[in-house]
Amino acid sequence: MSTLKHKGKGPQAMTANELRSGLSVWMTKDFGWSRDYRDALLTEDEATIERMDEVARAAELVNDVVGAYFIDTVDGKPARYRERFRTHGPTYDTAELI
Amino acid sequence: MPTLELIRPTGVEADATLPLDFDASRNDDIEALRLPPDADLSQIEDALPRIKSIFVAFDAFTDGRGFSLARLLRQRYGYDGLLVADGQLIPDQFAFALQCGFDAVRVAEGELKRHTPEAWTDALDAFDLTYQRGYAVAAGPATNIFDARLTAMEAGQTADPFSV
Amino acid sequence: MYRYDEFDATFVESRVAQFRGQVERRLDGRLSEAEFRPLRLMNGLYLQLHAYMLRVAVPYGTLRSDQLRMLAHLADRYDKGYGHVTTRQNMQFNWPKLEDVPDMLSDLASVEMHAIQTSGNCIRNVTCDPYAGAAADEIEDPRPLAELLRQWSMLHPEFSFLPRKFKIAVTGAPTHDRAMVRAHDIGIEVVRGVEGEVGYHIIVGGGLGRTPVIGQTLRVFCPKDELLPYLEATMRVYNRFGRRDNKYKARIKILVRETGIEEFRFLVDEEFKALPASKIMVGQAERDRIAAYFAPPDYANDIKAFDLSAQPEAFRKWVDTNVVPHIQPGYAIVNISLKDPDRAPGDITADQMRAVADLADAHSIGEIRTTHQQNMVLAHVRQDELRAVWDGLVKADLEDANINLIGDIICCPGMDFCALATARSIPVSQAIAERFNDHARQQAIGEMQIKISGCINACGHHHVGHIGILGLEKAGVEFYQVTLGGDATQTAAIGDKMGAGFSQDELIDGIERIVDFYMGQRTEGERFLDTYRRLGTPAFKEALYADA
Ligand code: HEM
Ligand code: SF4
């Protein structure tokens with residue numbers, strides 16, 4: 001379920017996982033989704049945040065994404081350590097040795 | 001009061017009233033009783049023969065206490081009235097409910113739009129087999145695997161004239 | 001090892017079909033995420049930090065070679081070419097797609113495997129001594145029991161929605177517990193009764209996580225016939241009275257603690273007495289049927305004494321650390337280390353899986369074990385074939401000679417993969433492995449178990465590591481807390497917490513200081529754990545913080 005209600009600090013970004021692939025995605029400036037955090041829409045504008053909220057809810061309802069939520073950002077990067085990890089992927093993955 | 005939706009048709013009146021509190025000192029027949037998941041069954045033990053139907057509440061489908069209550073009511077207390085799993089179940093639990101001793105599941109009417117009666121019967125059809133002895137039921141998984149193996153082993157043995 | 005009969009096969013196939021239907025209903029929206037989540041979890045499918053993760057059950061850690069090859073196939077076809085052996089002997093894949101999972105489960109079913117109950121609030125995959133059936137110190141092979149429990153717990157109608165997950169471990173060698181039975185919700189030891197008859201010692205309420213507890217005896221001796229009814233009684237007490245108001249207090253260990261072991265035992269006994277035990281128990285005939293699958297292989301008795309002295313040094317070192325005695329003269333148990341210092345502990349590539357499967361076919365009756373130490377085992381190798389096994393392992397880059405040494409680190413995925421993590425754990429294990437990379441030094445240090453978890457859930461068992469490491473985070477910076485003196489065996493103990501945490505670099509230096517301190521203080525034959533117990537916490541704490 002979404003924990004959309006944002007009580008965040010600073011510019012907000014919206015993130016989720018694609019239902020089918022499970023991969024992390026962020027909401028883009030045109031209210032779509034991208035697997036690349038660099039495309040993420042970051043905003044403090046209340047109306048835009050409201051809109052992001054609606055779009056994310058709708059995307060969950062039509063089962064494009066799961067578990068959408070707002071994240072705080074600082075200087076263009078996610079504020080929380082965990083969220084920064086989600087943007088760049090594992091620092092070690094055996095896949096890279098193969 | 002939600003609409004009564006018995007997934008498996010039984011003889012129960014669609015609008016059976018469910019007293020939420022229970023007075024053990026009464027000695028008349030009780031049409032229907034609703035039990036919370038943490039019910040203490042020893043308190044209603046004496047009245048059980050007078051209770052025609054028991055609705056065990058499932059406040060969340062992840063709360064499996066009701067399954068144990070049903071099992072106890074049937075097995076330890078010998079209750080043989082109607083037993084209904086009442087509340088937030090999902091189709092994938094239908095077989096489990098029957099196997100634990102429920103006769104039926106009741107969900108709120110709105111829920112049946114998402115999980116249609118077909119979804120419930122399909123889920124029930126998904127399994128014919130159960131590993132747990134004592135949990136095979138005609139209406140659900142009807143064959144216990146351990147018992148079936150034993151039957152097969154014994155059949156194999158009795159074919160041997162010297163082992164009878 | 002066990003082969004499915006038609007019932008087992010039909011059962012697992014129905015399960016695959018059911019999950020296929022559930023995925024379909026999820027994809028078209030008939031199932032909401034909230035409803036689907038517990039269903040996917042019951043099939044081992046998580047949503048992790050970056051992607052889904054599928055946890056495949058390796059029941060009691062035993063695999064046939066064709067099953068391991070199938071895991072290799074899954075890794076290649078649906079994932080990124082590798083798998084991860086977990087501390088519960090299962091195999092995880094880090095990158096599957098939801099749409100592919102039904103096909104993965106079908107492929108698994110074709111080799112008698114599944115992902116049932118590898119997650120969720122149900123009875124999880126039963127774990128077991130990886131040397132079962134080969135260990136010299138065993139009373140009885142525990143795998144027939146583990147297989148019986150696998151079947152009994154499978155989609156249990158009454159116990160699939162427990163307050164919390166439920167983990168059972170079994171061992172047939174109570175004097176050398178390699179299955180951590182005291183750190184499980186229920187641990188079962190095969191023991192002998194007063195008449196010499198074989199039965200079970202039942203331990204309850206152990207577990208790690210945020211509240212580590214060593215299990216206590218629930219029943220000193222449970223006759224074989226009574227086991228399933230007795231477990232059913234135990235599970236019913238837990239299902240009814242285990243806390244559901246707070247998921248951190250929902251494990252059976254908390255119920256046992258809050259009711260007290262005496263009262264808990266009383267409740268179980270009351271329940272047990274009221275059960276129709278004869279209708280629940282599984283009789284001798286069926287138990288024998290299962291046990292027959294685990295009968296010892298046809299051992300050869302013509303094996304010539306094996307002369308190590310003529311062998312290369314690297315091979316001798318490997319034999320020294322990775323090979324242990326077998327119950328049968330002329331045979332040996334081979335541990336395959338998945339602890340290459342450059343890799344994540346427990347990771348194995350698809351090619352390596354196939355290589356191990358081939359070695360098992362050629363040299364170990366086609367059977368492989370996974371271990372809770374995140375390694376693999378070939379349980380029945382002729383001593384005169386050890387060299388051939390080693391050659392094969394060298395070719396597959398699996399010849400690390402570090403079993404039970406400081407390089408044999410248990411490590412959870414941590415922040416690199418896990419959605420619940422507070423810090424990374426893989427880089428820490430790599431840094432330790434690198435610092436102590438010298439084989440002679442590892443040998444000199446001797447038995448040492450370092451265990452690392454990336455958060456308080458303790459999947460890396462840090463509480464029971466001789467040195468335990470817990471990764472935490474504060475204001476975006478990782479730091480690591482140390483516990484010392486933990487023990488995962490029959491003398492189980494929770495490690496003592498040291499003081500303030502360390503950065504990763506400080507941590508590695510600190511570990512080196514306590515290892516050096518131990519080396520300086522130890523008496524003849526003492527392991528790190530023994531010296532720690534003898535000298536006590538303050539001395540080691542001082543060494544740990546000497547530089548700070
Ligand atoms: C990556 C996804 C994983 C998630 C989301 C996860 C989650 C958890 C959680 C929440 C607990 C604590 C449960 C409790 O105390 O009630 C736990 C415990 C545990 N997990 Fe994991 N885990 C993951 C991976 C692993 C892996 C990779 C292993 C093995 C290497 C593992 C083995 C264990 C074990 C052995 C425990 C024991 C602690 C106990 O039983 O109390 N888990 N896990
Ligand atoms: S210990 Fe924490 S970080 Fe490690 S796998 Fe378990 S839940 Fe994830």
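The structure is a predicted model, in which local features need pLDDT of at least 70, side-chain atom pairs count only at pLDDT 80 or more, and totals for chains, interfaces and linings use all residues. Residues are numbered from 1 along each chain as its sequence is written, chains are lettered from A and ligands numbered from 1 in the order in which they are written, and side-chain values use heavy atoms, with hydrogens and water left out.

Chain C is assigned domain 1 (6–109), domain 2 (134–292), domain 3 (308–395) and domain 4 (410–544); such bounds come from an automatic or database domain assignment. The C-alpha centres of domain 2 of chain C and domain 4 of chain C are 30 Å apart. Their contact (heavy atoms within 4.5 Å) involves 12 residues from domain 2 of chain C and 12 residues from domain 4 of chain C. Together the two domains bury about 1,100 Å², 68% of it on carbon and sulfur atoms. Buried area is the accessible area (1.4 Å probe) that two parts lose on being put together, summed over both. Met180(C), Leu208(C) and Ile214(C) supply 42% of the area that domain 2 of chain C buries against domain 4 of chain C, more than any other three residues.

| Residue | Atom of the residue | Distance to an oxygen atom of ligand 1 |
|---|---|---|
| Gly209(C) | backbone N or O | 3.4 Å |
| Arg251(C) | polar side-chain atom | 2.9 Å |

Technical notes: A polar contact is a pair of N or O atoms within 3.5 Å; within protein, one must be able to donate a hydrogen and the other to accept it, and residues adjacent in sequence count only if both atoms are side-chain atoms.
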